[in-house]
Amino acid sequence: MSCWETVQAYAFRSIGFGERLLPKEDFTLCQQFTLIGSGMIWNIYFGVLALLCGFLLATAVALGKGAKNPLLRKPSEWFIFLFRGSPLFIQFFFAYFAFLSLKQVNPVFDPFTAAWLGALIVLFLNTAAYSGEIFYGALRSIPKGDVEAADAYGFSGWPRFRKIIWPTMLRLAWPAYTNEAIFLFHATTLVFFSAFPAWQQRGDALYYASYFADKTFNPFVPYPILAGYFILLTLCVIGLFGLINRYLNRHLPQDNRQKLKLRMNIIR
């Protein structure tokens with residue numbers, strides 16, 4: 001089988017298209033690049049959807065934590081504390097067995113025991129908690145002069161939030177939020193170690209990298225390939241978020257614009 005035939009057979013195997021059986025012998029670099037790249041579809045799926053949904057919930061959580069009403073503030077504080085205070089790996093296991101128990105009560109929870117939905121919910125809630133704390137810090141850092149100027153121009157309620165507070169909050173939080181987005185995509189590899197099963201051997205990128213490492217007894221080929229894919233993904237995230245950061249700071253002088261400062265997270 002040529003490399004092009006391998007790409008045609010395995011490029012979309014992780015989502016159910018192409019060759020059903022994994023290669024059993026004569027593992028080539030083309031097979032490893034193709035199948036690990038195919039698994040990256042799931043990592044991108046988890047990261048993009050969790051990031052989009054988590055962004056909306058994080059905004060609500062940040063506003064709730066900053067509210068004066070304890071009925072809004074306390075649930076937001078406990079939500080952030082719960083998901084930031086416990087390891088993501090434990091959250092995966094707890095959620096899986098919780099969904100498994102609910103499945104026995106009502107079959108409607110059956111999809112929640114699959115990785116495509118159950119693991120996505122865990123990642124979504126986890127990133128919403130971390131992003132909510134970032135947004136809350138940005139809310140508290142909004143210059144009082146901006147709010148006073150909005151009041152002077154007659155802005156109040158929703159118009160003030162939409163035109164003044166929310167854009168300023170995003171502008172201040174965006175560099176830190178970019179780091180959270182990068183970490184989220186890296187954290188998608190933990191789905192492989194969680195209790196959520198890979199359906200019909202259609203796993204993520206780490207699933208295929210581990211498969212080749214086990215079959216060839218040589219982890220120094222598939223895992224660097226996996227790392228290379230994530231480096232490319234990280235560069236794409238940095239580029240996209242950099243464009244958004246430039247847009248959020250477009251009204252500021254060049255010297256006053258916040259630049260993205262990426263910091264590696266050794267432990268979360």
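Let's start with how helix α8 crosses helix α9: α8 passes α9 in a right-handed crossing. A crossing is called right-handed if the near helix is turned clockwise from the far one by less than a right angle, and left-handed if it is turned anticlockwise. Helix α8 covers residues 205-216 and helix α9 covers residues 222-248; their axes come within 8 Å and cross at roughly 160°. The axes here are lines fitted to C-alpha atoms, for helices over the stretch in contact, and the angles run from 0 to 180 degrees between N-to-C directions. That angle makes α8 roughly antiparallel to α9. For the cut-offs, over 145 degrees counts as roughly antiparallel, under 35 as roughly parallel, 65 to 115 as roughly perpendicular, and the rest as oblique.

A word on where this comes from: it is a predicted model, in which local features need pLDDT of at least 70, side-chain atom pairs count only at pLDDT 80 or more, and totals for chains, interfaces and linings use all residues. Residues are numbered from 1 along each chain as its sequence is written, and side-chain values use heavy atoms, with hydrogens and water left out.

Now, what sits in the loop between α8 and α9? Phe217 does, and its phi is near 55°, a positive value in a residue other than glycine. Why mention that? Most residues other than glycine have a negative phi. Phe217 is also exposed, with a relative accessible area of 74%. Exposed means over 50% relative accessible area, buried means under 20%, and partly exposed is in between, using a 1.4 Å probe and protein chains only.

Asp26 has a positive phi too, of about 50°, although it is not a glycine. You will find Asp26 in the loop between α1 and α2, and with a relative accessible area of 64% it is exposed.

Let's step back to the whole chain. How many helices and strands does it have? The chain has nine helices and zero strands. Helices here are DSSP runs of H or I with at least four residues, strands are runs of E with at least two, and both are numbered from the N terminus. The C-alpha trace spans about 75 × 50 × 30 Å along its principal axes. Of the 268 residues in the chain, 41% are buried.

What about the cysteines? A search of the whole structure finds one disulfide, and Cys3 and Cys30 form it, with their sulfur atoms 2.1 Å apart. The definition asks for a pair of cysteine sulfur atoms within 2.5 Å. Cys3 lies in helix α1 (residues 3-10) and Cys30 in helix α2 (residues 29-65), so the pair ties together parts that are 27 residues apart in sequence. The torsion about the S-S bond is about 85°, so this disulfide is right-handed. Are the two partners buried or exposed? Cys30 is buried at 14% relative accessible area, while Cys3, at 44%, counts as partly exposed. Elsewhere, Cys53 is partly exposed at 40%, and Cys236 is exposed at 54%.

Next, Glu180. This residue is in helix α7, which covers residues 157-187, and it is buried, with a relative accessible area of 6%. Which residue does the side chain of Glu180 contact? A polar contact of 2.8 Å joins it to the side chain of Thr127. A polar contact is a pair of N or O atoms within 3.5 Å; within protein, one must be able to donate a hydrogen and the other to accept it, and residues adjacent in sequence count only if both atoms are side-chain atoms.

Helix α7 also holds Pro159, which is partly exposed at 34%. The C-alpha atoms of Pro159 and Trp4 are 155 residues apart along the chain and separated by 55 Å. Compare Tyr223, in helix α9: Tyr223 and Phe33 are 190 residues apart in sequence and 10 Å apart in space, C-alpha to C-alpha.

Finally, the record. An unreviewed UniProt entry carries the annotation "transmembrane region" for residues 44-66, 78-102, 114-136, 181-200 and 220-244. Those positions are given in the numbering used here, feature names are shortened, and annotations may be inferred rather than shown by experiment. In the model, residues 78-102 are 92% helix and 0% strand, and their end C-alpha atoms lie 23 Å apart. Residues 220-244 are 92% helix and 0% strand, with end C-alpha atoms 36 Å apart.
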